Amino acid sequence: MDAVEILFTASLWAAAIRIASPLIFATLGELICERAGVLNLGIEGIMTVGAFSGWLTVYMGGSLWLGILAAAVAGSAFGLLHALLVVPLGLSQHVTGIGITLLASSLSYYVYRLVFPEVTSPPKIEPFQPWNVPVLSDIPVIGEALFRQTPLTYLAFAAVLLVSWFLYRTPMGLAVRTVGENPSAVEAQGIDVTWVRIAAVMAGSALMGIGGSFLTLSAFNSFFFDMVNGRGWICIALVVFGSWRPGKALLGALLFGLFDAYQLRLQQLAGGYVPYQVFLMLPFVLSIIALIVMSRRAAYPRALMVPYRKGER
Amino acid sequence: MSRENAGEAEIVLRLAGITKRFGPLVANDNVSLTLRRGEIVGLLGENGAGKTTLMNILFGHYVADEGSIEVDGTPLPAGSPGAALAAGIGMVHQHFTLADNLTVLDNIILGTEPLLRLSSRRNAAKARVRELAEAFGLAVDPDATVSALSVGERQRVEILKALYREARVLILDEPTAVLTPQESTSLFETLKKFADRGLSIIFISHKLGEVLAACHRVAVLRGGKLVAERPVAGATRADLAELMVGRTIAPPKAEPQPAGPAILELSGIAARRGAQKLESLSLALHGGEVLGIAGVSGNGQSLLADLISGLVTPATGTMTLKGKVLASPSPRQMVAQGVARIPEDRHAEGLVGDMSVSENVVSEAYLTPAFSHHGFIDWKKAREFALKIIKDYDVKCPGPEARVRLLSGGNMQKLILGRVMANDPVIVLANQPTRGLDVGAVTYVHEQLLAARKRGAAVLLISEDLDELLSLSDKVAVIYRGQLSPVIRRADVTIADLGLRMAGQGFEHGGESHAA
């Protein structure tokens, strides 16, 4: 099998979608935050918290879906902390976000160690199993790639539609979009800027938490250190890549998933001749190139990272 | 409802004893004002007189320290724009509160539906916006993105926002500051139409002529206090100006004086930046003389100003300063050569809002020996310089450490004047120096320009205000699509002739206006 043939295998595409799933959730989450004018660099830590709390809930006997709920709640709790610091208090969004990431990741590892002081191999849970969509999963290649995924992946795609609907079809979505463009327009129409932003950051962080929980509840079956491994930072870039639009962000996540799945296979193909780190690097390099191309036309939400203080000129 | 019987209509809005303090500053001092149905009240006052503060209290952006507001006899809860909107108060802010990347319809329906509704009723809303636009002659496409609209259209959107919410009291804060004269006239007609249909309007302005033309009654604020309230009928510009400023204002007069030698000569200049261009432009600036450049905005004025301040390098042609040809001058060189730059947009190009007064006054000269030694800025001297400007130019600000953002437009302009006039410049480059300033500040700027002329500086005055140009200039030229008309002596200029030239007559590819 050569490098080109790999592109036509169903397993490559299935893997691409699997890899993209957590990114889709978290990118949508970051997108909602940024649309409301708040950069949430807590994403990496919030994903870790989601991964851990979701996994712990299931390990303690909760159902998988309860685990997802726990991940969402834990995510939005850290989102609330971030929002309280940067929205009413107007602190630096960069510094606060990195602080949240450090706090949330460290706290997850700390609690993990408290609960499992002496483990040699990570404890395991029974994760989500692939659910074959009747009829559709029998289509050659496409069926295997798209319709033999776990329920969480289907949920990720549904989330894209839901977030699009929310942002572009509901009054609240309009308020979120406007608050990220010109908060005084929201204020002048009698809506409280602070509450809209806090709510948006909490909702976005809940999605990030779910994105993290995909790793422990669907992709793997245990929680281990550094498992988010920079996925949060990728999502920050994907939001820019997607020009703050859910559909384009989905495309970006899939593209990254494809690069990543492809490099894994190339590693095996070229094993020994080229250091494997070169392949590990590939998706990031390609993402940066794609980002440079796309972000030349990117229209940032005007009020992104600008704190709003009522009545200030 | 007509002007005559507006006096007996019911009172819709009552402000009673409003006082608002910002630290030591009393922005509103026991202000009371009533508004009747179908009435247009002009709220007149200089910048910083407290007009905007008063309206921001009414609209709930600020909470008053004392006083109360009643709408139709019901007290209005303080500090809630939502409550003000619900009570039927609509506000068109001076700086539009529109989201540029969203559509007109999005901007209008924002906040008019319950936030948790699952789907916006956009089609019904669109029909209603169209209906309102039709009924009041406020033509605008609901599906257009705001960033694609002209300033006049954006203002219509702001007004539609209020009408969509069935506002009965409409507050317009300096609505004409951004409009062309034609747009202003059409706005006044719209306002009259609103009043006839029973809407009550508060029209905030510092332009006397507009208040006299558009309003039934006028209330004058000065230093936070309501100093006069009277019907417009019978009031004159002079009365109102005196009430507003608190003293009589004599327009400065240019004493005749002989022109000095040519200080700066441009010959055969061509330059281009974006859509703006200059073509085979030649002019000479003489010491002790004001050369006025007239023209509709966007015909190359700002490019000409940037050329002389060294921000733009000409493609062809030569610039000669005091007999020496300038190769490719940098802004710093031009400042060092004695060019005093009064930029068109003082917020964007004149001052840095988030920096202090001291930092701003040395921003053109911090590398000169006067303010730096061995690469370190001498902040003590900068502070002294700032204090001197504050004192000499009567800049109202808390001190040299104050952030410039908090100063009023007039005080910002005084700061810029102080900064550039301190070096006794040989060329004063004044681009729209009085735009957006109130009567007192305008007079002050004019005096300073004439003082520079008297000292023998060459003044280049670029202005869209013909009254200003004709009262200050010794010679006038018209700029049209990057070409300059022959320079005419002030005595030989007629306004009609100037108007025709501004519309392109007598130019190479002239004939029609190139209005932006």
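This passage describes a predicted model of a complex, with attention to the interface of chain B and chain A. Residues are numbered from 1 along each chain as its sequence is written, and chains are lettered from A and ligands numbered from 1 in the order in which they are written. Because the model is predicted, local features need pLDDT of at least 70 and side-chain atom pairs count only at pLDDT 80 or more, while totals for chains, interfaces and linings use all residues; side-chain values use heavy atoms, with hydrogens and water left out.

The predictor assigns the complex an ipTM of 0.85 and a pTM of 0.79. For chain B the mean pLDDT (the predictor's confidence in each residue, from 0 to 100) is 87, and 96% of the residues reach 70 or more. In residues 510–516 of chain B the pLDDT is below 50, although this stretch has 21 contacts (heavy atoms within 4.5 Å) in the model beyond near neighbours in sequence. Where pLDDT is low, the predicted coordinates should not be read in detail.

At the interface, 33 residues of chain B are in contact with 25 residues of chain A. The size of an interface is often given as the accessible area lost when the parts come together. Here the buried area (accessible area, with a 1.4 Å probe, that two parts lose on being put together, summed over both) is about 2400 Å², 56% of it on carbon and sulfur atoms. On the side of chain B, N101(B), L110(B) and L115(B) lose the most area to chain A, together 25% of what that side buries.

Two salt bridges (a side-chain nitrogen of Lys or Arg within 4 Å of a carboxyl oxygen of Asp or Glu) cross the interface. One salt bridge joins the side chains of D106(B) and R177(A), at 3.8 Å from N to O. The elements of chain B that give two or more residues to the side touching chain A are α2 (81–86) and α3, where helices are DSSP runs of H or I with at least four residues, numbered from the N terminus. The largest contribution, four residues, is from α3(B).

S120(B) lies in the loop between α3 (104–109) and α4 (122–136) of chain B. This residue counts as buried (under 20% relative accessible area, 1.4 Å probe, protein chains only) because its relative accessibility is 11%. Leaving aside residues up to four places away in sequence, S120(B) touches R169(A), T170(A), P171(A), I109(B) and E113(B). The side chains of S120(B) and E113(B) form a polar contact of 2.9 Å.

T170(A) is placed in the loop between α7 and α8 of chain A and is buried, with a relative accessible area of 6%. Its contacts beyond four places in sequence are W165(A), R117(B), L118(B), S119(B) and S120(B). The side chain of T170(A) also reaches the backbone nitrogen of G173(A) at 3.0 Å.

Helix α8 of chain A (residues 171–181) has eleven of its eleven residues buried, including P171(A), G173(A) and R177(A). These buried residues pack against α2 (10–35), α7 (151–169), α9 (183–188) and α10 (193–219) of chain A, together with α3 of chain B.

Key. Buried < 20%, exposed > 50% of the residue type's maximum accessible area, 1.4 Å probe, protein only. Polar contact = N/O pair within 3.5 Å; in protein donor to acceptor, adjacent residues only side chain to side chain.
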